[in-house]
Amino acid sequence: MSNPPQSEPSTRTFRHRSDFPFLAAMWGLGGSYVLLVLLLIIADAVRTSPRHLGEALLKPEIQAAVLLTLKTCTLSAILSLWVALPLAYLLSRQHFPGRFLIDILVDIPLVLPPLVLGLSLLMLFHLSLDGWKLESWLRASFEFPVTYHVPSIVLAQFVVTASFAIRTLRVTFDRIDPRAEDVARTLGCSRGQAFFRVCLPQAVPGMLTAFTIAWARALGEFGPILVFSGTTPFRTEVLSTAIYLELGIGHLESAIAISLLMIALAVLVLVILRCLGDWTAP
Amino acid sequence: MIRPFLLLLASLIVAAGLMVSLFFSSRLKSSPSLPDLSRQGHPSTPLTVFCAASNREVMQTIARDYEREYGVRIEFQFGPSQTLLTSIEVSGEGDLYLPADESYLQLAATKKIVTKRISLARMHVVLGVPKGNPKGIHQFADLLRPDVRVVQANPDVAAVGKLTRETLTPSGKWTDLHDRTTAFVSTVTEAANSVQAGAADVSLVYDAVLTTYPDLEVCEIEEFRETFAEIQIGIVSQSAQPALARHFAKYLSASDRGLERYRELGFRPVQGAIWGGEPLP
């Protein structure tokens with residue numbers, strides 16, 4: 001009796017293949033974008049000079065614009081975070097009628113052309129309802145002018161930055177497992193306690209990311225500010241509109257110098273936020 | 001667990017601090033070089049001028065003169081002429097409107113946004129080329145050369161483009177230029193910036209615009225010898241201070257006041273009367 005023929009034991013060997021093509025492709029594609037950004041900054045730096053940078057920094061209106069930009073960007077990013085936190089949580093956890101519609105609505109500021117957004121804000125504050133106007137009412141009742149004053153800058157930035165913050169935090173809450181909150185509730189926590197004690201600590205990195213994105217977006221905001229806030233030096237002139245004004249009179253080098261100043265400011269703030277993120281990381 | 005609360009609390013404190021800071025800084029005087037005028041019997045409400053960005057330098061100079069002489073603060077909203085016009089129309093704010101050229105004022109007058117228009121200077125349509133004219137552009141035919149990149153303002157949006165089209169269409173040259181134009185941009189300053197940045201060899205601009213471009217020079221060609229536009233200022237019909245607005249407009253159009261500054265900064269001012277030292281209304 002012969003033994004049944006047995007199949008040859010598998011002798012497949014796994015040849016170690018080089019990772020180089022894969023990594024080269026990844027670096028080639030990803031690195032091309034990094035290179036592009038770097039080249040943009042180099043092109044700016046080459047076109048201007050330390051003298052132009054110094055002149056721009058010494059202009060009192062630019063100094064005022066730097067301070068105003070930092071203050072308004074920070075304020076609008078904080079306000080965005082406070083609004084985005086509850087709304088993103090509700091959109092992520094609650095299923096209610098009209099949820100889809102709200103989800104679409106909060107994205108509208110992202111897709112609207114910036115000038116249209118500014119014009120819409122302007123029209124909102126000057127819309128006449130039987131002779132009543134929001135702007136006139138705020139001025140008459142509270143001596144609180146908005147249009148062409150500082151609050152308009154914060155509002156113009158906030159409309160856009162809040163949308164970014166909501167989108168970012170929504171993803172954050174979607175990724176946090178709701179079962180941990182459910183467990184907390186079975187152990188006696190209210191919904192609010194479960195949110196504050198279980199969900200929120202896990203959302204801190206997302207909150208910082210949302211704040212960072214909102215701040216960065218506010219820094220570059222231009223169209224709505226131009227229309228809704230104007231460009232009054234020492235009052236509503238921020239760095240993005242200062243660049244526009246310099247370009248408007250052909251001071252290209254000065255405009256580039258202010259752009260580089262903006263980049264430096266942005267890098268500084270982003271580094272600080274990154275450090276804060278590391279500090280708060282669990 | 002305490003960190004999210006700490007962050008939220010810190011953000012609240014920072015936000016409150018920023019609000020207070022912005023509130024108080026907005027209450028401060030608009031320009032650090034100006035004294036508090038309201039205590040000296042001068043109007044405490046500043047005049048607001050919606051001004052095209054191309055006139056920024058000259059207008060700020062004249063405003064400083066006026067502020068020194070009369071103690072009236074002038075505030076500016078700079079921007080593209082059409083955007084400024086829309087802003088005045090929607091907000092109903094502003095005392096004076098000074099667009100890049102008179103075409104916007106014609107539109108504003110049609111819409112009854114401005115009541116009175118005062119001429120300040122004339123602008124000539126010219127070619128803007130880099131200093132030294134490296135491409136040797138001296139006549140219209142040079143604009144059609146294949147090695148010359150031409151950028152011009154869109155004739156449907158910007159007045160200089162419209163003037164160019166109107167001037168060249170009767171002679172049939174507009175189609176040639178249109179076909180040879182590398183790019184159309186939305187404003188006259190963007191056209192000049194294209195040459196300044198090296199993206200174009202020549203642009204069709206106003207000579208007054210080039211006064212702030214030290215790296216560009218004017219090249220006049222025969223076709224545009226009689227093609228001029230005017231800089232005018234209009235008094236906004238809804239101005240809260242129409243008498244004061246008229247006073248400043250008159251100051252601007254005085255040959256030894258505003259127009260003198262226009263001349264100094266390279267514009268071609270119109271003929272104006274001598275300033276009679278009129279008191280504030």
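Colleague: Is Gly276(B) buried or exposed?
Modeller: Exposed, because its relative accessible area is 68%, and exposed means over 50%, buried under 20% and partly exposed in between, with a 1.4 Å probe and protein chains only. This is a predicted model, where local features need pLDDT of at least 70, side-chain atom pairs count only at pLDDT 80 or more, and totals for chains, interfaces and linings use all residues. Residues are numbered from 1 along each chain as its sequence is written, chains are lettered from A and ligands numbered from 1 in the order in which they are written, and side-chain values use heavy atoms, with hydrogens and water left out.

Colleague: Where does Gly276(B) lie?
Modeller: In the segment after strand 10 (268–269) of chain B. Strands are DSSP runs of E with at least two residues, helices are runs of H or I with at least four, and both are numbered from the N terminus.

Colleague: Other topic. Which residues does Glu246(A) touch?
Modeller: Leaving out residues up to four places away in sequence, Glu246(A) touches Lys59(A), His251(A), Ser254(A), Ala255(A), Ile258(A) and Arg56(B); contact means heavy atoms within 4.5 Å. Glu246(A) sits in helix 12 (residues 239–248) of chain A.

Colleague: Buried or exposed, that Glu246(A)?
Modeller: Buried, because its relative accessible area is 2%.

Colleague: What about cavities, how many of 30 Å³ or more?
Modeller: One. A cavity is a set of points, on a 1 Å grid over the protein atoms alone, where a 1.4 Å probe fits but cannot get out; lining residues have an atom within 4 Å of a point. The largest cavity holds about 50 Å³, a volume being the space filled by probe spheres set on the points, which are joined across faces, edges and corners.

Colleague: Which elements each supply at least two residues of its lining?
Modeller: Helix 11 (223–228) of chain A, plus strand 2 (74–79) and helix 3 (81–91) of chain B. The lining includes Tyr148(A), Leu226(A), Phe50(B) and Ser87(B).

Notes:
1 Å grid on protein atoms, 1.4 Å probe; cavity = no way out; pocket = protein on both sides within 12 Å on 5 of 7 lines; lining within 4 Å.
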